[in-house]
Amino acid sequence: MATPVPVLRLPKGPDPNSRGFDPNSPRFIALCRTSISSSAASDTNSEQLQKEQDARSVLREGFLRCLLSMTNKKVQFQMYENVKVEATFGASDIDVLNFQVSDLHTPIGVQKEALIRCQDVISFTFDV
Amino acid sequence: MMQCGWPLMGPLRWLHYLNKEVTVRAGKGEEHRGWLLSVDPVSASVVLVSFGEAVAVRVVMGHAVEAVEVLRAAADDETAKSLRSVFLPPPSPCLDPKELRQRRDAVRRWLQENRIPVEEEGEELKVAGVLTIAAPYSAHDCRSSNQIILDRIQRLIGIQDCTNQGLPL
C-alpha cells in the first residue's frame, strides 16, 4: 500500500441502517449471540454452579486484563476472506461483539475511527 | 458457519487448558501455538501468549475456533512466572515510610485547601466518606464507586502532580 488515503465513508451495505451493527437487523440476530449461557440449572447442583461461577470470574478477569493491556497499542486483525488489517485498539463492548479502533489501515485507505465487528475477525495479535 | 464444541464447553472445562501450551486451529487453516492465558467466558475467545523477542499475544475469537490441542500440560518455573506477570501492571516503586507520610500530608493539605473534606484512615486518605486514596497517593491510587467524585479528585491530584513536576497543566 502506497500513501494511506483518508477514507471518508465506506459503501453502504444491504441493511437499511448500521450495516449489521443494529441489534434488530437479521444479520446481527443470525450471527451474534450476546453471551454464552451458564449450564442449565436443572443439570447442576449449587456447588457445581458456584465452581462454574468462580471459573467464570477467573477467566473473565484474565481476558479483561488482556483487553486493558491492548489499549492504545497497534493490533493486527486477521479477518475472513484473507483480510489483514492493522489498527490502534481503543475499546471493546461488554459482549465482545464490536471493537472500537483508530487509524484502521484497510486495503482502500486509512479510516481515522472505526468499529470492527468481532464476528468478522478470526484472530488478532499484538506485542505486550 | 461451522461451529465446533469449543464455545459450548463451559468455564470448568476451559479452566483445564489454563497455563498449558496449546495449538489452536481456527478459520481457514490457521494454526496458532502458544501458552493459553485465558478463555473469555462471554465469547469463548482464547488468549495465547508466546515468548520470543517480544511477548506476543494472540487472541483467537471463540466463534472461529475449530480445535484446541494441548502440546505441553505444564510450564517450567520460568515460563509459569512469566505467564503470571504478562498482563499485570509494573510493580510500583517502593517509597520509604517517611516519604510516604510526607506525600500523604501534601495530598491531604492540597485537598483541604480546595475545601474538600478529607480524613486520614490508617495509611489511607478518606475523601468525603466515599473515596479512598492509598499509597503512594497518586491519581491512579484513588478508588471510589462514585464516578463524578473520582474524576474530580483525580483531576485535582493531577494538577498538584503537574505543578510539582513543573509540567504544563
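Welcome! Start by selecting Tyr137(B), which sits in the loop of chain B between S8 and S9. Strands such as these are DSSP runs of E with at least two residues, helices are runs of H or I with at least four, and both are numbered from the N terminus. The model is predicted, so local features need pLDDT of at least 70 and side-chain atom pairs count only at pLDDT 80 or more, while totals for chains, interfaces and linings use all residues. To find your way, residues are numbered from 1 along each chain as its sequence is written, chains are lettered from A and ligands numbered from 1 in the order in which they are written, and side-chain values use heavy atoms, with hydrogens and water left out.

**Stop 1: the loop in chain B**

Stay on Tyr137(B). Is this residue buried or exposed? Tyr137(B) counts as buried because its relative accessibility is 0%; buried means under 20% relative accessible area, exposed over 50%, and partly exposed in between, using a 1.4 Å probe and protein chains only. Its phi is near 60°, a positive value in a residue other than glycine. Now select Pro136(B), in the loop between strand S8 (131–133) and strand S9 (142–144) of chain B. A cis peptide bond, with omega about -5°, joins Pro136(B) to Ala135(B). Most residues other than glycine have a negative phi, and most peptide bonds are trans.

**Stop 2: a loop in chain A**

Jump to Val96(A), in the loop between strand S2 (83–92) and strand S3 (98–106) of chain A. Val96(A) is not a glycine, yet has a positive phi of about 55°. It counts as buried because its relative accessibility is 3%. Zoom out and you can trace two helices and five strands in chain A, in the order α-α-β-β-β-β-β along the sequence.

**Stop 3: the largest nonpolar core**

Select Phe77(A), Phe99(A) and Phe124(A): of the 30 residues in the largest nonpolar core, these touch the most other members. Such a core is a set of buried Ala, Val, Leu, Ile, Met, Phe, Trp, Tyr and Cys residues joined through side-chain atoms within 4.5 Å. Helix H2 (residues 46–70) of chain A gives the most to this core, with four residues. Leaving out residues up to four places away in sequence, Phe77(A) touches, among others, Val85(A), Phe99(A), Ile116(A) and Phe124(A); contact means heavy atoms within 4.5 Å.

**Stop 4: Ser69(A)**

Next, pick Ser69(A) in helix H2 of chain A. Which residues does Ser69(A) contact, leaving aside its neighbours within four places in sequence? They are Phe126(A) and Phe87(B). Ser69(A) counts as buried, at 13% relative accessibility.

**Stop 5: two helices in chain B**

Finally, show helix H3 (residues 97–113) and helix H4 (residues 147–165) of chain B, whose axes come within 11 Å and cross at roughly 115°. Axes are lines fitted to C-alpha atoms, for helices over the stretch in contact, and angles run from 0 to 180 degrees between N-to-C directions. Among the residues that meet here are Trp110(B) and Leu111(B) in H3(B), and Ile153(B) and Leu156(B) in H4(B). Before you leave, select Arg109(B), also found in helix H3 of chain B, which is partly exposed, with a relative accessible area of 48%.
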